Amino acid sequence: MNVKPKVLVTGATGFAGSHLADLLIRRGYPVRVLTRTTSDLRWVPSEAERVIGDVREPESLKYALQDINWVFHFGGLISARNREEFFVVNAAGTRNLFQAFLRHGDDPKLFLLCSSLAAVGPGAEGVMLKESGTPRPVTAYGASKRAGEEALLDVGDNKSDNKWEHQGGPVRKIIVRPPAVYGPRDPSILKFFRWVERGWIPLPAPQNARFSVIHVDDLALGTVLLAEQGLSGTYHLSDGESHSWLDLGERVASQLHVRARHLPIPFWISATAALGGELWGRLRHHPPLISRDKVRELRGISWVCSIEKARSEAGYQPSRMISEGLKTTIAWYRDSGWL
């Protein structure tokens with residue numbers, strides 16, 4: 001009888017991590033999810049075991065990792081009040097979790113980190129971002145995700161490193177770098193959909209800017225595929241296509257059955273709004289709704305990534321192309337009363 005590895009999922013209280021936990025359970029994996037006392041548990045599968053812990057506090061992770069063979073680290077900050085907060089969670093938190101896994105896991109076999117294409121930074125026009133390229137993140141978020149990758153890769157995990165010696169030998173390490181992720185339960189792209197529903201297509205980037213996207217179902221499936229294939233290394237995952245804000249907006253308008261006007265947003269307006277948002281966030285001690293970092297990220301000419309490595313090594317093939325993906329997302333938004 002082939003016994004499935006026992007899996008810990010972080011970030012399962014959020015958008016992408018909850019879809020991953022759902023898929024793992026459907027595939028027969030015993031799943032434990034890491035939560036905090038303040039976590040919203042509405043997306044956590046009822047079949048998953050829930051434990052309290054915080055990657056910022058290494059001692060809190062001991063029980064969460066007992067009996068665990070695989071870790072899928074999808075937790076992290078996508079917005080923060082300052083650069084330090086990003087690094088405490090996305091970089092130091094990744095190191096804390098991996099070291100705790102080596103100490104307390106049951107024959108640790110796999111640690112998979114969901115990073116971000118932001119860790120790489122944008123490319124030149126017409127250039128696809130590949131795993132072999134040199135990362136040049138342009139935001140604090142991207143830099144913190146890259147630092148998390150480096151923290152994972154820097155920690156010794158084999159028997160020649162006495163500090164982290166364990167019985168099972170080296171732990172496989174996989175880093176997944178998705179671009180913009182969308183789908184049911186996503187609160188981020190919802191703002192764009194609502195603008196289109198009101199009759200406007202916001203265009204926050206230069207006309208020639210292109211980017212990749214991935215439906216959350218493909219991210220979850222690609223992640224599990226990489227784990228089950230026994231691979232190690234860094235992989236980009238997307239729907240394999242190149243998109244623009246105008247194309248995306250017009251597709252959403254068509255799905256919503258509305259006529260929408262184009263709304264180009266000059267850089268100075270975005271930057272001014274972002275500065276105001278940051279100042280307001282500081283006054284309220286909350287992350288800003290939009291930051292100057294985010295504006296710089298949106299102005300990147302090419303956020304298009306190649307998925308050839310995942311295709312050739314793991315047989316990854318995206319199944320949720322943009323038209324179907326938007327259709328299912330909008331249907332979920334409407335059923336849930338978000339649109």
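Author: Start with pairing: two strands pair if DSSP finds at least two bridges between them. Helices (H or I, at least four residues) and strands (E, at least two) are DSSP runs, numbered from the N terminus. The model is predicted, so local features need pLDDT of at least 70 and side-chain atom pairs pLDDT 80 or more, while totals for chains, interfaces and linings use all residues. Residues are numbered from 1 along each chain as its sequence is written, and side-chain values use heavy atoms, without hydrogens and water.

Reader: What makes strand 1 and strand 2 a pair?

Author: Three bridges join them, and they run parallel. The definition asks for at least two bridges, so they pair. Leu-8 stands opposite Arg-32 in strand 2.

Reader: How do you know that strand 1 also pairs with strand 4?

Author: Four bridges join strand 1 to strand 4, again against a cut-off of at least two. These strands run parallel. Here the bridge partner of Leu-8 is Val-71.

Reader: Why is the unit of strand 1, helix 1 and strand 2 called right-handed?

Author: These elements make a right-handed β-α-β unit. The term means that, with the strands pointing away from the viewer, the path from the first strand over the helix to the second runs clockwise.

Reader: Which residues show that both faces of strand 1 are covered?

Author: Val-7 and Val-9 lie on one side, Leu-8 and Thr-10 on the other, and all are buried. Buried means under 20% relative accessible area, exposed over 50%, partly exposed in between (1.4 Å probe, protein chains only). In a regular strand the side chains alternate between the two faces of the sheet.

Reader: What does Val-9 touch?

Author: Its contacts (heavy atoms within 4.5 Å) include Leu-20, Leu-24, Val-33 and Phe-72, not counting residues up to four places away in sequence. Val-9 is also among the residues with the most contacts inside the largest nonpolar core, which has 36 residues. Such a core is a set of buried Ala, Val, Leu, Ile, Met, Phe, Trp, Tyr and Cys residues joined through side-chain atoms within 4.5 Å. Apart from it lies another core, of 26 residues, Trp-43 and Leu-248 among them.

Reader: What makes Arg-146 and Glu-149 a salt bridge?

Author: A salt bridge is a side-chain nitrogen of Lys or Arg within 4 Å of a carboxyl oxygen of Asp or Glu. Here N to O is 2.7 Å, so the pair qualifies. The two residues are three apart in helix 4 (residues 140-154), and therefore about one helical turn separates them.

Reader: How do you know that Arg-177 and Glu-149 form one too?

Author: Their closest N and O atoms are 2.8 Å apart, within the 4 Å limit. This pair links distant parts of the chain: Arg-177 is in strand 6 (residues 172-177), Glu-149 in helix 4, 28 residues apart. Arg-146, Glu-149, Glu-150 and Arg-177 are linked in a network of salt bridges.

Reader: Why is Glu-149 called buried?

Author: Its relative accessible area is 0%, under the 20% limit, so it is buried. Arg-177 is buried as well.

Reader: Why is Arg-81 called partly exposed?

Author: Its value is 44%, which falls between 20% and 50%, so the middle class applies. Arg-81 forms a salt bridge with Glu-85, the closest N and O atoms being 2.5 Å apart.

Reader: And why is His-257 called exposed?

Author: At 71%, His-257 is over 50%, so it counts as exposed. His-257 is in the loop between helix 7 (245-256) and strand 12 (261-264).
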